[in-house]
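The sequence and structure are shown first, and the description follows.

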Amino acid sequence: MELQDCKRARWVWCPDVADGTAGFFWFKNRFELKQPTVLRFAVSADHRYNLYCDGELLGRGPARSDLQHYRYEEYEVALKPGPHLLAAEVIRWHCVRRGGGREEAPWSELHAGGGFLVIGGAPELDLTTPGTWLCAVDATRKPRVRGPESDLPGGPMPPPEEHDYYARLGDWRAPEIGGRVYWNPEPGEDTSDAPWWLEPRPIPQQEQFPVPVARMQVSGEAQLKLEQGRVVGSIPAGRTTLRLDLGSYQTGIPQLFWEGGAGVIEIAYAESGRREGRKLRRDDFEAEFFHGNLRDRIRFPAGAWSFAPFWYRAGRYLELVFELEEPLTRFEFGYDFLGYPFRLRAEFRGDAKLESIWRAAWRTARCCAHEHYEDCPYYEQMQYAGDTRIQALISYAATGDGRLGLQAIRQFRNSRLPNGLTQSRYPSLYPQVIPEFSLFWTLMVADYYRYFGDRELLEECRADILGVFDYFERRKLANGLIGPVGFWSITDWTRQWTGPTETWDPALTGTSHRGLPEPETIVALLYSYCCSELAPLLELPELTVRARQLCAAVNELAFDRELGLYVDLPGRKFISEHANALAILAGAVTGKAASELADRVAANEAINRTSLYFAFYLFEAWRKLGRADLLLARCGQWGEMLDWGFTTFPEVPTLDGRSDCHAWSASPLYFMITMLLGVTPAAPGFRRVAIAPTPGPLTGFSGRVPLGPERLLELEVAAREFRVRTSAPVSAVIGDCELELPPGETFTFPIAGA
């Protein structure tokens, strides 16, 4: 359904609502069918909508994007004869003003203003707006004000909500206000000023399913109990505090139902508990909740009521504070997970600690994937290229589903600036540029091609990739290294990278130059690595030449023979795992010399270690060398976080960090598949499959790996041999041999080097 070309597509909005007014709005259409009918229609809204048919949720949208690629969702609904109701609740956020102003709108959304659009229906029923649609302002709820004007934290995430059921005017299903045309082009009229350029949603709807409450604490005399994972019972008048533990980190929709007297309920959401001046395990249920966390607030008269927020809430703990004038005779609480519908098709079995890391890594990845990949679900909900490359690879290897990764590639491509760089995060209300993240985007294109064999995408992005490379090429110095790249140059969050005074400076923490005006080895090696990865895919030998020239310059200027390590800045003794891992990945050092370099890096206690994020590239270097021993030793850091009570992996490995769920930290799962089980594409789209298990010191384990969206590979690995079985015919590359493996049979092979 090509909505952009549909001249009768008319956006409607509530009359007499001032531009920029935040709030909730209802749109409804009552109709009656004389015979069984299948409705086919498309929906979009600005800012967002939740769509219901006869009270049942059909979908949420539009999927996050930008105005030049604004999304619509298509629905197909089979209905019986009789009366029906199609209804949409639409939210419009406050405008965002930074620098002391309000911050109610999520930064990861780009909008033009209020609007609602439906096109389609059935031969005997036209649902296209305006038609018979009616609309009304929902005066009972609004986004809460955040930032300096309130006690709620500001920031990139969507705001919590304020509900006042005293303002309820009848039933939302029967508003009597008519819609009006928001944008009404006539056939043949110039529509170039249309704020929305519509495209179909490229990803499936999010899935929603119940999550049981694991524990609860109640203050006062409330009569509450856990029943099949839900909290049920009654609550007396006065103040009652109910604290709930979901048992693990979740992203989802809390649902409250109650009957009884008037009062106020405030719901706080927290990733973990913390008591001032004391670091706590993440499962310490006795701890105080964070001060200044996100809170929904509901004020209500006596009656029967329900509450569910419009957008998901993140964290492990909830605190419900009741201030009641009269008791609630019935109260019920439930929680539903909401997220992208990934299906975990990979498995890893055989080592208890690694299995625990696997489960936590997968939960982390799931909680950071909704309508796009997210850095963290609680604080930002923004899609960063550096994070997203890692998240997408986890998705490809563990599920065979590439749709969210493909969307991310195209969204970053859509963010490109005239200088050739992509934005570092997108969609984003505030443009941000980290030049190194543009290089990671080029690797995302290569990753997708290898896993899914989409040559058209590679060609679609060819000019954009070369534009990114040319930005760095223009900054090449006479000595062959890359000079300052401008904007916010960042490699990794590490406290060892400080300014010249050796004091921690947040503005310098992410860069290895430490505030000195000298070229970074890391930038040259990262650019070289990207050129070498993309050269064979784009069939451009000149990129190979660039990569070799960069490596030659690095070997001449940045390898310290006394230390036996690559240094962060030529002529200085600053050393990091980052530079040395990239030297291996870029091919500046190869073979036995590269493995010896890896040993020196691991043994050097003074070296600057990677964060949980950049450990991905350290692990990738070890995978290239077949060094599972180093990977398994480093995985102890992830095991330690589980011992602290984390159920997802945090932004940084401390108990007092900001974010408890950051999918850039979930990479061990990817390397259990690609290094320990040893399954990777040997030809684009798994036309050939490389199988090279690397058990290291492990004596035995087994697993399952998807080969794209359809086929599966089963492996059982011992110290000296492995057995493999496939669900469909597979062309396998094992060592120096290429074999055809028929389905259903088990084959045994020796492990290389065992």
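On the face of helix 9 that is turned away from its buried side lie the exposed residues Lys592 and Ala603. The model described here is a predicted one.

The buried residues of helix 9 are Ala594, Ser595, Leu597, Ala598 and Val601. Because these residues cover an arc of only 155 degrees around the axis, they are on the same side of helix 9. The cover over the buried residues of helix 9 includes one strand and several helices, as set out in the table.

| Covering element | Residues |
|---|---|
| strand 28 | residues 565-566 |
| helix 8 | residues 577-586 |
| helix 10 | residues 615-625 |
| helix 11 | residues 628-634 |

The length of helix 9 can also be checked. Helix 9 comprises 13 residues (residues 591-603), so at 1.5 Å a residue it should span 18 Å; its end C-alpha atoms are 19 Å apart, which agrees.

Five strands form an open sheet in the order 26-31-32-33-36, and their pairing is antiparallel. Strand 26 (347-349) and strand 36 (747-750) are the edge strands, each of which pairs on one side only. From one strand to the next, the twist averages 15 degrees.

Strand 31 (residues 700-707) and strand 32 (residues 711-718) run antiparallel and are joined by eight bridges. Phe701 stands opposite Val717, which belongs to strand 32.

Notes
Residues are numbered from 1 along each chain as its sequence is written. This is a predicted model: local features need pLDDT of at least 70, side-chain atom pairs count only at pLDDT 80 or more; totals for chains, interfaces and linings use all residues. Side-chain values use heavy atoms; hydrogens and water are left out. Two strands pair if DSSP finds at least two bridges between them. Helices (H or I, at least four residues) and strands (E, at least two) are DSSP runs, numbered from the N terminus. Axes are lines fitted to C-alpha atoms, for helices over the stretch in contact, and angles run from 0 to 180 degrees between N-to-C directions. The expected span of a helix is 1.5 Å times one less than its number of residues. Buried means under 20% relative accessible area, exposed over 50%, partly exposed in between (1.4 Å probe, protein chains only). The arc is that of the directions from the helix axis to the C-beta atoms. Contact means heavy atoms within 4.5 Å.
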